[in-house]
Amino acid sequence: MGALDAHATRVAAGAVIRFRPTGSSMVPLIRSRQLVTVAPVDPARLEVGDIVLARVAGTTYLHLVSALDPAAGRVQISNNRGRVNGWTGHARVFGICTEVDGVPRPRAAAKVRPAS
């Protein structure tokens, strides 16, 4: 289990977390080691361009929503360099990135799942 899997477990349980992901697949939206805030998400409210913490084909990513299929309850996940990771169901979309280095992501706050 990788670090993103552990973060996904915490977010799925309702926690809002902050961490510093590594890698360059999301540049310039997220640069390696920038502080991100991820909160539980209501997947039905997602839009193309949102950054989500999701599991696709057994791997957990902090990547973009690149397409939506609301009728099937699924979203397509891609990096910011044009690579499509694949489709995943709403149950595997754990959280939405609400801030990067303290700067709020547009429209993300309205998509946070209320605490139960």
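## A guided tour of the predicted model

Begin by selecting Ala-57, which is exposed, with a relative accessible area of 79%. Here, exposed means over 50% relative accessible area, buried means under 20%, and partly exposed lies in between, with a 1.4 Å probe and protein chains only. This is a predicted model, in which local features need pLDDT of at least 70 and side-chain atom pairs count only at pLDDT 80 or more, while totals for chains, interfaces and linings use all residues. Residues are numbered from 1 along each chain as its sequence is written, and side-chain values use heavy atoms, with hydrogens and water left out.

Remain at Ala-57 and inspect its backbone: phi is positive, about 50°, although the residue is not a glycine. Ala-57 belongs to the loop between β3 and β4. Helices (H or I, at least four residues) and strands (E, at least two) are DSSP runs, numbered from the N terminus.

Next, select Asp-101, in the loop between β7 and β8 (103-104). Asp-101 is likewise a residue other than glycine with a positive phi, near 50°. With 42% relative accessibility, Asp-101 counts as partly exposed.

Now colour helix α1, residues 3-12. Which of its residues are buried? They are Asp-5, His-7, Ala-8 and Val-11. As a rule, an α-helix has 3.6 residues a turn, so residues three or four places apart point the same way.

To see what covers the buried residues of α1, display β1 (17-19), β2 (36-40), β3 (51-56), β4 (59-69) and β7 (93-100), which are among the covering elements. Contact here means heavy atoms within 4.5 Å.

Then pick Ala-6, also in helix α1; at 31% relative accessibility, this residue counts as partly exposed. Draw a line from the C-alpha of Ala-6 to that of Thr-60: the two residues are 54 apart in sequence and 9.6 Å apart in space. After α1, select Gly-14, whose phi is positive, near 110°.

Move to Ile-51 in strand β3. Is Ile-51 buried or exposed? At 1% relative accessibility, Ile-51 counts as buried. Leaving aside residues up to four places away in sequence, Ile-51 touches Met-26, Leu-29, Ile-30, Leu-62, His-63, Leu-64, Gly-95, Ile-96, Cys-97 and Arg-105. From Ile-51 to Arg-113 the separation is 62 residues in sequence and 15 Å in space, C-alpha to C-alpha.

The loop between β1 and β2 contains Pro-28. Select Val-27 as well: the peptide bond from Val-27 to Pro-28 is cis, with omega near 5°.

For a side-chain arrangement, display Arg-74 and Trp-87. Arg-74 lies over the face of Trp-87, at 4.1 Å from the ring centre. A charge sits over a ring if NZ of Lys or CZ of Arg is within 6 Å of the ring centre and within 35 degrees of the ring normal.

The last stop is the largest pocket, which is lined by 17 residues. Those nearest its centre are Leu-4, Pro-21, Thr-22, Gly-23 and Leu-62. Both α1 and β4 give two or more residues to this lining. A pocket is an open set of points on a 1 Å grid over the protein atoms alone, where a 1.4 Å probe fits, with protein on both sides within 12 Å along at least five of seven lines; lining residues have an atom within 4 Å of a point.
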